Amino acid sequence: MASKEPDHEHREDEDAAPAEEEDTGAQIAPIIKLEEVAVSTGEENEDPMLDLKSKLYRFDKEGNQWKERGAGTVKLLKHKETGKVRLVMRQSKTLKICANHLVLPTMTVQEHAGNDKSCLWHASDYADGELKDELFCIRFASVENCKTFMQMFQEVAESQKPKEENKDASAAAGLLEKLSVDEKKTEDKAGEEKKETEATEKADTDKKDGEAASST
């Protein structure tokens, strides 16, 4: 009958704690070298016009109540090529987008009744990956920050009027100016012709009077 002692001794040898290795001071290079990876935020082609800490809320129509959207930094970013401006807000730490929409010339921002640190506006928002009509309310830490946001928002909305409208307005103004000039020229010409006619008539009258006096 075979003895099981060798197996038992072998297991004891395996279970025995290994001896501590001596520190030789040698430096071992890591097998895998990690490289820095550039993370795209989608804001590389935009210049920040505004950057303020705030808390955002959206109005839930079904529940008929305000719901917190997130706390973080709200930005107004102007595209370097197109000149369009969008509002972007990300939550702190997670950087999850809680607002993302263009600032259009039809938009207006209003102060929240009863809270001078907050303001409201409507927008077609794309934060969830699809356009949704939202009523937003944003609250700042100070009245000054709220006023700064409202002023910048309104200025941007005014500046986003289509170039075609500005071109048409300029063309209309130019046409009106041209019509005014042409009208003035016509009036001046009519005045000159009237003066010439009056002078001719006066000369004819003087001539007739002179002939009548000679015959007498």
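Visitor: Where does Thr 94 lie?

Guide: Thr 94 lies in the loop between E3 and strand E4 (97–102), where strands are DSSP runs of E with at least two residues, numbered from the N terminus. This is a predicted model, in which local features need pLDDT of at least 70 and side-chain atom pairs count only at pLDDT 80 or more, while totals for chains, interfaces and linings use all residues. Residues are numbered from 1 along each chain as its sequence is written, and side-chain values use heavy atoms, with hydrogens and water left out.

Visitor: Okay, so is Thr 94 buried or exposed?

Guide: Thr 94 counts as exposed because its relative accessibility is 56%, and the class exposed begins over 50%, with buried under 20% and partly exposed in between, using a 1.4 Å probe and protein chains only.

Visitor: And how far is Thr 94 from Gly 72?

Guide: Their C-alpha atoms are separated by 9.6 Å, although the two residues are 22 residues apart along the chain.

Visitor: Which pocket does Gly 72 line?

Guide: Gly 72 belongs to the lining of the second largest pocket, together with others including Lys 53, Arg 90 and Leu 95. A pocket here is an open set of points on a 1 Å grid over the protein atoms alone where a 1.4 Å probe fits, with protein on both sides within 12 Å along at least five of seven lines, and lining residues have an atom within 4 Å of a point.

Visitor: What elements give two or more residues to that lining?

Guide: Those are strand E2 (65–79) and strand E3 (85–91), and the largest share, four residues, comes from E3.

Visitor: What about the largest pocket, what volume does it have?

Guide: Its volume is about 260 Å³, meaning the space filled by probe spheres set on grid points that are joined across faces, edges and corners. Among the 13 residues that line the largest pocket, Thr 82, Lys 84, Gln 160, Lys 161 and Pro 162 are the closest to its centre.

Visitor: Switching topic, how many bridges join E6 to E7?

Guide: Eight bridges join strand E6 (residues 118–125) to E7, and the two run antiparallel; strands pair if DSSP finds at least two bridges between them.

Visitor: Which other strand is joined to E7?

Guide: Strand E1 (residues 46–60) is joined by five bridges to strand E7 (residues 132–140), again antiparallel, and Lys 55 stands opposite Arg 139 in E7.
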